[in-house]
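This report covers a surface patch and a sheet with its strand pairings.

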Amino acid sequence: MKKRSEGVKKHWVLSLAALGVVFGDIGTSPLYAFKLIFHQRHGIPLTHENIIGGVSAVFWALVIIVTVKYVILVMRLDNRGEGGIMALLTLALSSIQDRRYLRKFVILAGLCGAALFFGDAVLTPAISVLSAIEGLEIGGDIFKPMVLPIAIGILLGLFFLQRFGTETVGKLFGPITALWFLSLLTIGITWVVQKPEIIHALNPIHAFKFLTGHGIASFWILGAVLLVFTGGEALYTDMGHFGRTPVRIAWLGLVFPALTLNYMGQGALLMVDPSSSDNPFFRMYPVWALFPMIALATAATCIASQACISGTFSLTKQAIQLGFLPRLAIRYTSSDLAGQFYMPGVNFILMVLVIIVVLGFGSSTNLAGAYGVSVSGTMLTTTCIAAIVYRHHLKYSLPICILGAIFFILIDLSFFTSNIAKISHGGWFSITLGAVIGLLMTTWREGKKAIERYQKSKDYELEPFLTSLFKDPPTRVPGTAVFVTTNKIYTPHALIYNLKHNKVLHEKLLFLIVTVANTPLVAPRNRFIISKMREGCYRLILRYGYMEHPDVERALRRLYNTHLLDIDPSKASFFLCRTNIIPVKHGYSNMPPWRERLFSAMVRNSSSAIAYFRIPANRTVEMGEHIMI
């Protein structure tokens, strides 16, 4: 009984913590989503019937997309407790290993989803913070010129603080976001009581009439309705931090009711005062509460932006581990928490793009078109891959998987095409940014394949090479040499170059291969595979999950201290190669010359393997090599 009560208490604590990280994005949607449904460019008159229909469309979008699709269905597809597009991608690939063309489709869909997520990461801070600061405009015309400078100042501060981590302020995220949702709930109830007929919005017939009864305007409205569940993907992405049950408790227990009643409250306000359609969220509050709510909204949007930025760092790191991006510099902001890190290069690029977006679009209304493309595109890719996982991993029957996929794909396509039609209204930005990220990821992947083809034709396999080497061994010198590589089969180039130039071989040799598994984490007991190849010569395979970060020195120290490996890392010398790619005609690459040059530039600008694998720099010899692809 005591264990059960402790388990319940733990779930509630985790649910509170999840509010700030998981629900920040979707929780700030009421700031801008509902006003865009009745934006003047749609030409929808503010009649009671249309207002109820608009609220009904919002409610049923939250039910079908967030509650049914994500909370009930997609969140079942965890990869050892972890969620997100990369977890879904690896889960799908592991279940269709013998299906070549289906694997290609899954990889393409996964890369598209990841690329669009990066676009979402740029737009979320911009539209969220802007929509909060735009509340100042209600306080008077004197505040209008201040909106952009204040928003930019807040965003610059947010990106500047990334280097210090969020370990301390992160403890405040849950309570602040809980206060935010309680305020949404309270003000929503206040207005629903004044106009109780808004409750009729729970009837799906009103949503159907609203979304089909206005001609082409109904098609445009879908793009605005989509904005109410931006951030819905975060429920799945951040599931691994808190667990499936706490996220579901937080959604069904507070977030969903608060959002529903707040949107109803905004609808009730418009039924009383249609002139409030310019910003119904802030106009729900009395004058005395306006500035406190702007402050709370700003805090909530900063939390939502922080969660999105941290999610971008995490996704980038996973993409690097899985071989979709080159190594990038990582700085850890906590000595205790491995998840507390930031990536200076990614942080800087995000900051520049976000500021450009804020200055270029100027308002949350103008940003809506760009935002919708990235969100709907990510949703569509998730649906496609999830259907494959349900069929091939969970072994659901083919008819059920097909029917479910068709149902959700039709919905996702409706939202996606509605936003694609808004290319001239900002959709071009998401498409362009997603295409650039997708190009970089596919170029890196194809370039790595070209290197593999080069190795197969030019390199020596390790076992035969050592057999030949020890028939007539070179001069042996005291000490230990550790050759770090990511290839299990072929001889490390650093060993070949060391023999060629120094013409010596250390007494002890360790071939250390770092590999990444298709799981988020690798249990400590499965981390090491040690084999003795011959006297004084060992092979060590270090296995890491795609959410973990390699730490070679720490792993070797652990093995030495537990007497599993008789090699003292503090006395060893490490050898590795720094590759320079040279594109040539009729080489090993199937890419056009300009993509080969792009791959070469990505290799040159990738971070040092010494820092990435955490190898002691003062005992490392790095050799340069040219590979012609």
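A nonpolar patch on the surface is formed by Phe348, Ile349, Val352 and Ile356, which together have about 370 Å² of accessible area. Patches take residues with over 30% relative accessible area and no salt bridge, and join nonpolar side chains (Val, Leu, Ile, Met, Phe, Trp, Tyr) within 5 Å and like charges within 9 Å. A salt bridge is a side-chain nitrogen of Lys or Arg within 4 Å of a carboxyl oxygen of Asp or Glu. Areas come from the Shrake-Rupley method with a 1.4 Å probe, and for residues only the protein chains shown count as cover. Ile349 belongs to helix 16 (residues 344–361); helices (H or I, at least four residues) and strands (E, at least two) are DSSP runs, numbered from the N terminus.

This is a predicted model, in which local features need pLDDT of at least 70, side-chain atom pairs count only at pLDDT 80 or more, and totals for chains, interfaces and linings use all residues. Residues are numbered from 1 along each chain as its sequence is written, and side-chain values use heavy atoms, without hydrogens and water.

Six strands make an open sheet in the order 5-6-4-3-7-8, with mixed pairing. Strands pair if DSSP finds at least two bridges between them. Strand 5 and strand 8 (620–628) are at the edges with a single partner strand each, so one side of each has no neighbour in the sheet.

| Pair | Sense | Bridges |
|---|---|---|
| Strand 4 (residues 504–516), strand 6 | parallel | eight bridges |
| Strand 5 (residues 528–534), strand 6 | antiparallel | six bridges |
| Strand 7 (residues 572–582), strand 8 | parallel | nine bridges |

Val514 has Leu542 in strand 6 as its bridge partner, and Arg534 stands opposite Cys537 of strand 6.
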